[in-house]
Amino acid sequence: MATGWPDRDDHELLELIQKGSHEAFAELVRRHTNRFYRIAYRFVQNKENAEDIVQDAFLKLWEDPARWRGELRNKFTTWFYRVVTNLSLDWLKRQRTVELDEELPLADERPTADESMTQAETYKHLEKAIAALPDRQRTALNLCFDEGLTNQEAAEAMGLNLKALQSLIMRAKTTLKKRMRSYL
Amino acid sequence: MNDNRDVRLERMLRSRQEEAASPDLAERIILRARKIPQRQSISLWRFLRDLCVEFHLPKPAYVLAGALALGMVVGLSTPSEDPSAPSGNDAQGVFAADEDLL
């Protein structure tokens, strides 16, 4: 790797990518793959599919780097969160054959969790409950609770203002509290 | 009670686990990209910017070109004052005048 690449910011790298620099692309991918994998995983809950989504997003950027419009002064990561989120939601729409709402009973209808309930099971239920949320609430939740992303950035990634995002989060949490009553 | 639940839910949301990505994921993406040609779709703004760079001229040349353009605009917009000057429309009249002299 050429020395100096890590010193360049994302926007400089993107300008070089637009001129066809593989080295700049490699640096950008190494820098951000894990964070975007993490957000894709939160949606699809599967390693292979999350990796495919991240790969797809980066390759689309490479193929057509003019998609990134630096003159609009967007932060690259905010814009790319939106790309990865949209790809994840598209993937889910293609895969969704069973309505998760039907599959997931409300906490009240379920026997109370006993103490032997493992943490893994609790998290499994949490993921199911999150998966059953409407797309926008789920996206808001996934972005806001991802480390390294502020609420303002999450709002920008969703094309919302901060208040609208907070309202989505509040509604999502209210639903989750109902559905996770036995585990909280 | 409700506050406790809020706190617990927040804590759970912040500690969601995920399977780690393959360590070679980034390298796989980089290798795949090397086999894919870039699409050269140029936006209008980029095209204009590149065009300006392509035709980069020193400042005096811009001044000269500007003066010439201004001169042409002024020249074309000012009607001719000389009534004896032949207009472009009656070229035949000019030739006829020449014939009289001969």
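**Chain B against chain A**

Author: Let's start with confidence, given as pLDDT (the predictor's own score for each residue, from 0 to 100). In chain B, H2(B) comes out highest with a mean of 96, while helix H5 (residues 91-101) of chain B is lowest at 62; helices here are DSSP runs of H or I, at least four residues, numbered from the N terminus. Chain B as a whole has a mean pLDDT of 79, with 69% of its residues at 70 or more. The model's scores are ipTM 0.81 and pTM 0.69.

Some housekeeping: this is a predicted model, where local features need pLDDT of at least 70 and side-chain atom pairs count only at pLDDT 80 or more, while totals for chains, interfaces and linings use all residues. Residues are numbered from 1 along each chain as its sequence is written, and chains are lettered from A and ligands numbered from 1 in the order in which they are written.

Now the interface: 32 residues of chain A are in contact with 27 of chain B, contact meaning C-beta atoms, placed from the backbone, within 7 Å. On the chain B side, the elements giving two or more residues are helix H1 (2-14) and helix H2 (25-34). H2(B) supplies the largest share, eight residues. By type, that side of chain B splits into 12 nonpolar, five polar and 10 charged residues; Ala, Val, Leu, Ile, Met, Phe, Trp, Tyr, Cys and Pro count as nonpolar, Asp, Glu, Lys and Arg as charged, and the others, Gly among them, as polar.

Key
Contact = placed C-beta atoms within 7 Å.
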